[in-house]
Each structure stands twice: as C-alpha cells, then as structure tokens.
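The sequence and coordinates are shown first.

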Amino acid sequence: MKIGIFGGTFDPIHFGHLRAGVEAAEALNLTRVYFVPSHTAPHKRTGGLASGEQRLEMVRLAVAPCRLLEASDVEIARGGKSFTAETLEYFKKKLPGSKRVFLVGLDAFLEIHTWKSFESLFSLADFAVLSRPKTDGRDRMEAYIQESLGSLLTKDGSGQWVSASGQKLCFLKVTGMDISATFIRQSVGQSRDISFLMPETVAGYIEKNRLYKKEMETKGL
Ligand code: ATP
C-alpha cells in the first residue's frame, strides 16, 4: 500500500488543495491521500483563525465525496505545535509496511530547512513537491535542494533525487489553481462571494459558523 500525507493549516481547505491531492494520488498510484490539518503550525505567524476542530470538520466535509481522499485528526488530537516528523512517524507505526509519500506545495518546500528535524523527514517518507500556479517551479526546487539540502539528497544515475536511506523526491506538476486560504478569509471578511473556490459544503459551514468575520472586524476592515 502506498499512501500520501498532505499537511497544512487548511484554514479553510479549498479546491487548490483538493485537486492537488487527487492528481498526486493518480500520478503516484496512491491508495489514499490523508489530509492532516495542523493543530498549531510552527511556521504561520498567526494561529488558525478557525479552531482545529472547525478546520478538521471542513476537511472532512470536503473530502467526503472522493474515495481517494481522507481526513486525519492526528495533529489536532496530538495538540501543541504540529511537527511533520512526528506525523510521519505516526503513519509509519499506524500503517506498517506502507510506503509513505509526503505531499508538499513548492512554496512550503522552499522553507523546509527551517522545519524541526528536517533532516529526518527524508528518511521517513518519499516526497512529492507540488507545483504552484503560474510556474513549473522545477528549476527553483532543484536550485533549493542543491543550496540548502545538498547533504541530504543526491541525484542517482537516472536523475532521481534520493536520500541516504533511499527515499525518493519528485516534482509533480498539478493543475494550477491560484487559490489561497488567505484570499478566501479576506473575501469573507469583506462579504464577497466565495462560491466556486471550495466545495459548497465548506462554504456553507463557513457561513453557518460565521467563520473569518471576526478577523476583519478586529482589524476594522
Ligand atoms: P494560507 O493562504 O493561509 O497561507 P494556503 O492556501 O497556502 O493557506 P495551506 O494550508 O498553508 O494553504 O497549505 C497546505 C499545503 O497545500 C501546502 O503544502 C501548500 O503549499 C499547498 N497548497 C496551498 N494552496 C495550494 C494550491 N492552490 N495548489 C496546490 N497546492 C496548494
């Protein structure tokens, strides 16, 4: 069994995340992609504006129609700062014998040298770095690996990036959807229509729970 693990704040989850998950599953032959909302993301300046439970619920609603995707509460249940190394260890124990592929957008990957125990990440899972809209980004990824991760990853004879323990890293071009959670939160705060950026169930949940309204109120926007 080969699974994908896709971490993020998902505040809220949107079609950019979902489409990337589906395309990664198909391109890499993954049985399932687990979407793992963080409890507290060490790299985000502000905490999630929706609570962990709310973000998890939105992920559950979003993935429900797709058999390839599943929500995981591992980081929300663990609490505290969410470290990917711990999450990958968790999946290793939970699904022994499974092959794990960690999915990460190019923007997030370009900061990976600042993540806790980042060296260990490349022994815990294969990696698929997902393109972000407007740019293929492969060259940027390659330059970054050479500059910042050169001691952890090398290219084998076939041009494949591999770690010392044999984990692979690939670049995956996914349909570019220029959607961000920040844009959605801002749109809600300004009472703009958020249709077609995410599943209707998620938009409905945001409306019902009046999420992202406060952010703008406190900023006086
Ligand atoms: P924010 O705007 O709050 O920073 P975001 O929309 O970038 O949020 P995150 O939860 O931070 O979403 O992202 C989780 C993961 O999904 C990261 O690896 C990120 O690179 C990736 N990602 C985010 N948006 C997209 C998108 N539109 N297409 C593909 N991948 C994406």
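## Cysteines

A search of the whole structure finds zero disulfides, a disulfide being a pair of cysteine sulfur atoms within 2.5 Å. C66 takes part in no disulfide, and the nearest cysteine sulfur, that of C170, lies 19 Å away. C170 is likewise in no disulfide, its nearest cysteine sulfur being that of C66. C66 is partly exposed, with a relative accessible area of 24%, and C170 counts as partly exposed at 25%. Here buried means under 20% relative accessible area, exposed over 50%, and partly exposed in between (1.4 Å probe, protein chains only).

## Basis of the description

This is a predicted model, in which local features need pLDDT of at least 70 and side-chain atom pairs count only at pLDDT 80 or more, while totals for chains, interfaces and linings use all residues. Residues are numbered from 1 along each chain as its sequence is written, and side-chain values use heavy atoms, with hydrogens and water left out.

## Strand pairing around β1

Helices (H or I, at least four residues) and strands (E, at least two) are DSSP runs numbered from the N terminus; two strands pair if DSSP finds at least two bridges between them. Strand β1 (residues 2–8) pairs with strand β4 (residues 99–105) in the parallel sense over five bridges, and K2 stands opposite K99 in β4. β1 also runs parallel to strand β2 (residues 32–37), to which six bridges join it; in this pairing F6 stands opposite F35.

β1, helix α1 (residues 15–28) and β2 make a right-handed β-α-β unit. Right-handed means that, with the strands pointing away from the viewer, the path from the first strand over the helix to the second runs clockwise.

## Nonpolar cores

A nonpolar core is a set of buried Ala, Val, Leu, Ile, Met, Phe, Trp, Tyr and Cys residues joined through side-chain atoms within 4.5 Å. The largest has 40 residues, and those with the most contacts inside it are I13, F35, M58, L103 and I206. Elements that each supply at least two residues of this core include β2, α2 (52–63), β4, β5 (126–130) and α9 (200–208). The most, six residues, come from α1.

Contact means heavy atoms within 4.5 Å. Leaving aside residues up to four places away in sequence, F35 touches, among others, F6, I13, L18, V59 and L69. Another core, of 32 residues, lies apart from the largest one, and among its members are V74, V104, L124 and F127.

## Strands β5, β7 and β8

β5 and strand β8 (residues 168–172) run parallel and are joined by four bridges; the bridge partner of L130 in β8 is L172. Strand β7 (residues 161–163) pairs with β8 in the antiparallel sense over two bridges, with W161 opposite L169. β7 and β8 form a hairpin with four residues between them, and G166 in the turn has a positive phi of about 95°.

## Helix α8 and F183

Helix α8 spans residues 181–189 and contains F183. The buried residues of α8 are A181, I184, R185, S187, V188 and G189, whereas F183 counts as partly exposed at 37% relative accessibility. Not counting residues up to four places away in sequence, F183 touches R192 and L197. The C-alpha atoms of F183 and L197, 14 residues apart along the chain, are separated by 9.8 Å. After α8 comes S191, whose phi is positive, near 55°.
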